[in-house]
Amino acid sequence: MNTIHPGSATRVLSGMRPTGRLHLGHYHGVLKNWLKLQHEYECFFFIADWHALTTHYEDPRHLEESVWDMVIDWLAVGIDPANSTLFIQSRVPEHAELHVLLSMITPLSWLERVPTYKDQQLKLKDKDLSTYGFLGYPLLQSADILIYRAGLVPVGEDQVAHVEITREVARRFNFLYGRESGYEELCQAAIKKMGKKAGKRYSELREAYIERGDREALITARELIEDQKNITLGDRERLLGYLEGGGRQILTEPQSLLTEAAKMPGLDGQKMSKSYHNTIGLRDLPDDIAQKLRTMPTDPKRVRRTDPGDPEQCPVWQFHLVYSGEDVKQWAGAGCRSAAIGCLECKQPVIDAVLAELRPIQHRANELSQDPTLIRSVIADGCRRARDVAEETLKDVRRSMGLEYS
Ligand code: TRP
Ligand code: SF4
């Protein structure tokens, strides 16, 4: 395809903090989405170990174990290193160089107003998060994204603000360093080279975006540029930058690809999360999983077996929504409301489905955990691939910032 930087529109990047072994919440909320994306795009997935240190700097003892456990879990669910580039952030130190360079142009106020800054400080009261690293963490995330010129960043709701600041940083960077003398004239000449029809269309779309903020027009115009076969790389960059009124587009503005709110509830009906102690781990023993599900709470108003229940008030029902087909849902819903079935009976198909889903994953995880050499080589390979791409971007960035000495 003819994108300016190969792949940028079709490149996906996402990261995950190494928090230890993964659970069904990660699987249904994040990994299943990655599994789909890896067949549709060029994907980069990485373990955000520096990000983990921004909040857990006092106790790095379990970091390494968490990192390898996470790689095993990714591979066990089917993330395929032949399709996706898998790597560890700290093994690609280019992220740090870009972070420091971006820090030169990032106003402090942009970081202070990122919602997670204050929220997390309040939430993690037992930790001292008045550190430089914690304030700068969204900018580190910007560097993670921009260094691969990723067009799409799959994230949850809580991370959208970080992608937004990334866009602002990219825009500011391009504005500051993407200017060249005679820019306006060069852009007009590039438009001419598109040919009469496409050139006119480009100008109309640009006007619609700049004057009326029409984002559809922006997207269409980008596609139009991508489709041009006969213009140079330099002109392509100019035309893209000119679209948004800025300079040459050295860094690519990413879009967030919002993953639907995690469909997977925890055992207590709240969001599944380690801090709520309501998880089913991908590698929990089958007997423990069955036991967790058997003892999970149900509709609190259904005290006796003969009391009719209300599925809407029951976390088990949420599991049926994820795991059961129409017939089973019909059976469970009706049986609950009429007290025709008991709660243990109702849970059995869920237990069976969860165990069936996890069986092949656990089998692979078992094999993988006995083959550390394989795990290391997958990561070494991914880090190498990631560094190649990162170095390309950094070269451009250094040159733009006057750091290319001969
Ligand atoms: N901040 C993300 C989180 O806490 C992890 C992350 C770091 C990330 N860098 C990223 C996600 C870049 C997407 C893109 O979940
Ligand atoms: Fe929940 Fe099923 Fe019991 Fe109804 S029958 S309360 S849905 S576990």
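The following legends describe close-up views of a predicted model.

Residues are numbered from 1 along each chain as its sequence is written, and chains are lettered from A and ligands numbered from 1 in the order in which they are written. Because the model is predicted, local features need pLDDT of at least 70 and side-chain atom pairs count only at pLDDT 80 or more, while totals for chains, interfaces and linings use all residues; side-chain values use heavy atoms, with hydrogens and water left out.

**Figure 1. Overall view of the protein chain.**
The C-alpha trace spans about 80 × 50 × 40 Å along its principal axes. The chain has 18 helices and five strands; helices (H or I, at least four residues) and strands (E, at least two) are DSSP runs, numbered from the N terminus. Of its 406 residues, 51% count as buried. Buried means under 20% relative accessible area, exposed means over 50%, and partly exposed lies in between (1.4 Å probe, protein chains only). A contact means heavy atoms within 4.5 Å. Among contacts between residues at least 6 apart in sequence, 77% join residues at least 24 apart.

**Figure 2. Surroundings of ligand 2.**
The residues around ligand 2 are Thr 298, Asp 299, Arg 302, Cys 314, Val 316, Cys 336, Cys 343 and Cys 346; a residue is near a molecule or strand if one of its heavy atoms lies within 4 Å of it. By class, this shell holds five nonpolar, one polar and two charged residues. In this scheme Ala, Val, Leu, Ile, Met, Phe, Trp, Tyr, Cys and Pro count as nonpolar, Asp, Glu, Lys and Arg as charged, and the others, Gly among them, as polar. Ligand 2 sits in the largest cavity. On a 1 Å grid over the protein atoms alone, a cavity is a set of points where a 1.4 Å probe fits but cannot get out. A molecule sits in a cavity if more than half of its atoms lie within 2 Å of its grid points.

**Figure 3. Helix H15 and its packing.**
Helix H15 covers residues 315–323, and its buried residues are Pro 315, Val 316, Trp 317, Phe 319, His 320 and Tyr 323. These buried residues pack against helix H1 (24–40), H14, helix H16 (326–337) and helix H17 (343–369). Val 316 also belongs to the surroundings of ligand 2.

Cys 187 lies in helix H10 (residues 183–193) and counts as buried, because its relative accessibility is 0%. Apart from neighbours within four places in sequence, Cys 187 is in contact with Arg 238, Leu 239 and Tyr 242. After H13 comes Gly 245, with a positive phi near 80°.

Arg 91 is placed in the loop between strand E3 (84–88) and helix H4 (94–103), and it is partly exposed at 43% relative accessibility. Leaving aside neighbours within four places in sequence, Arg 91 is in contact with Trp 68, Ile 379, Cys 383 and Arg 387. Although Arg 91 and Ile 379 are 288 residues apart along the chain, their C-alpha atoms are separated by 9.3 Å. A disulfide is a pair of cysteine sulfur atoms within 2.5 Å. By this rule the count is zero disulfides. For Cys 43, the nearest cysteine sulfur is that of Cys 383, 17 Å away. Cys 43 is buried at 1% relative accessibility, and Cys 383 is buried with a relative accessible area of 6%.

**Figure 4. Loop residues with a positive phi.**
Most residues other than glycine have a negative phi. Arg 149 has a positive phi near 50° and is found in the loop between helix H8 (137–146) and strand E4 (152–155). Arg 149 is buried at 6% relative accessibility. His 277 likewise has a positive phi, of about 50°, although it is not a glycine. His 277 is in the loop between E5 and H14 and is exposed at 73% relative accessibility.

**Figure 5. Ser 273 in its loop.**
Ser 273 lies between strand E5 (255–258) and helix H14 (286–294), and counts as buried at 17% relative accessibility. Not counting residues up to four places away in sequence, Ser 273 touches His 23, Asn 278 and Thr 279.

Technical notes:
1 Å grid on protein atoms, 1.4 Å probe; cavity = no way out; pocket = protein on both sides within 12 Å on 5 of 7 lines; lining within 4 Å.
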